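Student: I have just opened this structure for the first time. Could we go through a few questions together?

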Amino acid sequence: MPEEDLVELKFRLYDGTDIGPFRYSTASTVAMLKERIISEWPKDKKFAPTAANDVKLINAGKILENSKTVGQCRTPFGELPNGVITMHVVVQPSLAKVKTGSFKSC
């Protein structure tokens with residue numbers, strides 16, 4: 001895969017810790033990123049997402065849609081060549097979990 005087709009991303013959690021950085025193809029979907037976040041989630045956190053729908057990714061102030069690719073979500077303004085892009089992670093349980101009480105907040 002050509003070097004220019006790869007993007008380096010890290011994911012900033014609610015407490016300021018990071019997951020990554022990892023290199024992704026610009027063809028990778030946001031849903032794939034969320035699955036990686038769930039698999040790499042630090043074990044010492046009080047709560048953790050259990051499904052991709054529990055995770056919201058924010059880049060440049062926009063919530064990213066699962067079906068979009070990394071290439072579609074990238075904002076070239078302000079990016080440095082070979083720089084790491086930071087995406088913010090928000091854990092939001094699905095409404096069904098909140099109503100049934102199966103999600104425990106901290």
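Student: Happy to start with the turn. Which residue in the hairpin of E1 and E2 takes a positive phi?

Tutor: Keep in mind that this is a predicted model. Strands E1 (residues 6-12) and E2 (residues 18-25) run antiparallel and are joined by six bridges. Their hairpin has five residues between the strands, and the one with a positive phi, near 95°, is Gly16.

Student: Which residue in E5 stands opposite Leu9?

Tutor: Leu9 belongs to the covered face of E1, along with Val7 and Phe11. On the E2 side, Leu9 stands opposite Phe22. E1 is also joined to E5 (residues 84-91) by five bridges, and these two strands run parallel. In E5, the residue opposite Leu9 is Ile85.

Student: How far apart in sequence are the parts that Glu8 and Arg23 tie together?

Tutor: Glu8 is on the uncovered face of E1, and its bridge partner in E2 is Arg23. The two also form a salt bridge, with the closest N and O atoms 3.5 Å apart. Because Glu8 lies in strand E1 and Arg23 in strand E2, the pair ties together parts whose separation in sequence is 15 residues.

Notes:
Residues are numbered from 1 along each chain as its sequence is written. This is a predicted model: local features need pLDDT of at least 70, side-chain atom pairs count only at pLDDT 80 or more; totals for chains, interfaces and linings use all residues. Side-chain values use heavy atoms; hydrogens and water are left out. Buried means under 20% relative accessible area, exposed over 50%, partly exposed in between (1.4 Å probe, protein chains only). Helices (H or I, at least four residues) and strands (E, at least two) are DSSP runs, numbered from the N terminus. Two strands pair if DSSP finds at least two bridges between them. A salt bridge is a side-chain nitrogen of Lys or Arg within 4 Å of a carboxyl oxygen of Asp or Glu.
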